[in-house]
Amino acid sequence: MAKGKGFISEFKTFIMRGNVIDLAVGVIIGGAFQKIVNSLVNDIVMPLISLLTGGIDFSNWFFVLGEGDFATAAAAKEAGVATLNYGTFLSTALDFLIMAFVIFLIIKGINSVTEKFKKEKTEEPAAPTTKVCPYCKSEIDIAATKCPHCTSDVE
């Protein structure tokens, strides 16, 4: 029985680690982000590309690997004939490239906004810690009342 409690205790320790929880949050946010990017690609970018290419349907680009002549890959599949669907592959590869480009643009935008906020925070000048002695022009501590170099009284 003590082993069981030890195992459960170890599991609780493992599951409550920060990196496990961070990973879970990342997976959940990644799933939601994937829906956004898929919608952007499928509902906005791909229709524009279809408009620019004259409505080319890559899914009907295929080679028949058996006997017969078929107008579509679906018709060949219904007939039980093997096909090499290179158009579907090209479409999927194009989807991937578009999705990767969209993600690149989103991350680039996020990084530029983050850099602007960092610059705004770091633009505040730090309070001076030294001053120049008016007599010998040496750099001295801001709180000094006497110059350690020339022993003059400074304000």
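These legends walk through close-up views of a predicted model. Local features need pLDDT of at least 70 and side-chain atom pairs count only at pLDDT 80 or more, while totals for chains, interfaces and linings use all residues. Residues are numbered from 1 along each chain as its sequence is written, and side-chain values use heavy atoms, with hydrogens and water left out.

**View 1. The largest pocket and its lining.**
The volume here is about 150 Å³, taken as the space filled by probe spheres set on grid points that are joined across faces, edges and corners. A pocket is an open set of points on a 1 Å grid over the protein atoms alone, where a 1.4 Å probe fits, with protein on both sides within 12 Å along at least five of seven lines; lining residues have an atom within 4 Å of a point. The lining is made of Met46, Ile49, Ser50, Thr53, Ile56, Asp57, Phe58, Ser59, Ser91 and Asp95. Helix 2 gives the most, with three residues. Helices are DSSP runs of H or I with at least four residues, strands are runs of E with at least two, and both are numbered from the N terminus. Sorted by class, the lining holds four nonpolar, four polar and two charged residues; Ala, Val, Leu, Ile, Met, Phe, Trp, Tyr, Cys and Pro count as nonpolar, Asp, Glu, Lys and Arg as charged, and the others, Gly among them, as polar.

**View 2. Rings of Trp61, Phe63 and Tyr86 in a cluster.**
A search of the whole structure finds three aromatic pairs. The ring centres of Trp61 and Tyr86 are 6.3 Å apart with their planes at 40°, so this pair is tilted. Trp61 sits in the loop between helix 2 and strand 1 (63-64) and Tyr86 in helix 4, so the pair ties together parts 25 residues apart in sequence. Rings of Phe, Tyr and Trp (its six-membered ring) pair if their centres lie within 6.5 Å; planes under 30 degrees apart are stacked, over 60 edge-to-face, and the rest tilted. Trp61 is partly exposed at 33% relative accessible area, and Tyr86 is partly exposed at 32%. On this scale, buried means under 20%, exposed over 50% and partly exposed in between, with a 1.4 Å probe and protein chains only.

**View 3. Cys136 and Cys147, in no disulfide.**
The structure holds zero disulfides, a disulfide being a pair of cysteine sulfur atoms within 2.5 Å. For Cys136, the nearest cysteine sulfur is that of Cys147, 3.6 Å away. Cys136 is partly exposed at 30% relative accessible area, whereas Cys147 is buried at 2%.

**View 4. Ser138 in the loop between strand 3 (130-132) and strand 4 (139-141).**
With a relative accessible area of 18%, Ser138 is buried. Leaving aside neighbours within four places in sequence, Ser138 is in contact (heavy atoms within 4.5 Å) with Lys131, Val132, Cys133 and His149.

**View 5. Phe96 in helix 4.**
Phe96 counts as exposed, at 57% relative accessibility. From C-alpha to C-alpha, Phe96 and Val41 are 9.5 Å apart in space and 55 residues apart in sequence.

**View 6. Lys108 in helix 4.**
Lys108 counts as exposed, at 52% relative accessibility.
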